[in-house]
Amino acid sequence: MKSVIFASLIASAAAFAPAVSKQSSTALNAIDDMPGATMPFKGFDPLGLATLGSESTLAWFRAAELKHSRVAMLATTGYLVQAAGIHFPGMLSSDVSFESLSTMKPFDAWCAVPEAGKEQIIFTIFLAEIITESAETHYTKGGALPTIVFPPIDFSSVDAETLKVKQSRELNNGRLAMISIMSFVAAANIPGSVPALAGNPMF
């Protein structure tokens, strides 16, 4: 009797094995077909994150990468503009001018922004997040991935192949920007941690 039960358990386990393999294979194929799967690291997924969960999980990972890419590109551009001394004319507040902020290191300039200004920036980010997450059909349920909220950009007239190329460029630039801003943060907080930036007055 015990041997029959044991054999049944083995048969049951074997029945599920192909499904797991198929799911992993499907996920890896999905990566190759997604925008951003370009050389020299086509299908780069050393931790196997694409095989975790379902297609909804993969969509959530992609949306997270996309959002972080866009934030990193803005952060990197902002850091470089600030470091170059480029600034808006006039006053940021009644007692803080844009010119005075341009003479500081980027992180020191952020600390010098009035609390009300920081709160407005954080609220704008929060509002953009709410708008992108409140779509009629969420991206984890087959809806479109988050789009740029401010300003809204319409890509509906762009053909699918051209759009995929542009999306791949955005993701690749965003990945580089994430590495860049992490390097800037490290250089600003840990002297000598980024040799290429050592001695730079903006870090």
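Me: Is Q82 buried or exposed, and what is its relative accessible area?
Reply: Happy to start there, with a note that this is a predicted model, where local features need pLDDT of at least 70, side-chain atom pairs count only at pLDDT 80 or more, and totals for chains, interfaces and linings use all residues. Residues are numbered from 1 along each chain as its sequence is written, and side-chain values use heavy atoms, leaving out hydrogens and water. Buried means under 20% relative accessible area, exposed over 50%, and partly exposed in between, with a 1.4 Å probe and protein chains only. Q82 is therefore buried, at 14%.

Me: Which residues does Q82 touch, not counting those up to four places away in sequence?
Reply: Q82 sits in helix α2; helices are DSSP runs of H or I with at least four residues, numbered from the N terminus. Contact here means heavy atoms within 4.5 Å. With residues up to four places away set aside, Q82 touches L101, S102, M104, K105, P106 and A109.

Me: What kind of aromatic pair do Y79 and F107 form?
Reply: Rings of Phe, Tyr and Trp (its six-membered ring) pair if their centres lie within 6.5 Å, and planes under 30 degrees apart count as stacked, over 60 as edge-to-face and the rest as tilted. Y79 and F107 have 5.6 Å centre to centre and 70° between the planes, so the pair is edge-to-face.

Me: Why does the pair of Y79 and F107 tie together parts of the chain, and how many residues apart are they?
Reply: Y79 is buried at 5%, whereas F107 is partly exposed at 36%. Because Y79 lies in helix α2 and F107 in helix α4 (residues 106-112), the pair ties together parts whose separation in sequence is 28 residues.

Me: What kind of aromatic pair do Y79 and F203 form?
Reply: Both Y79 and F203 are buried. Their rings are 5.1 Å centre to centre with 10° between the planes, and the pair is stacked.

Me: Where is F126, and is F126 buried or exposed?
Reply: F126 is in helix α5 (residues 115-133). With a relative accessible area of 52%, F126 is exposed.

Terms used
Helix = DSSP H or I, 4+ residues; strand = E, 2+ residues; numbered from the N terminus.
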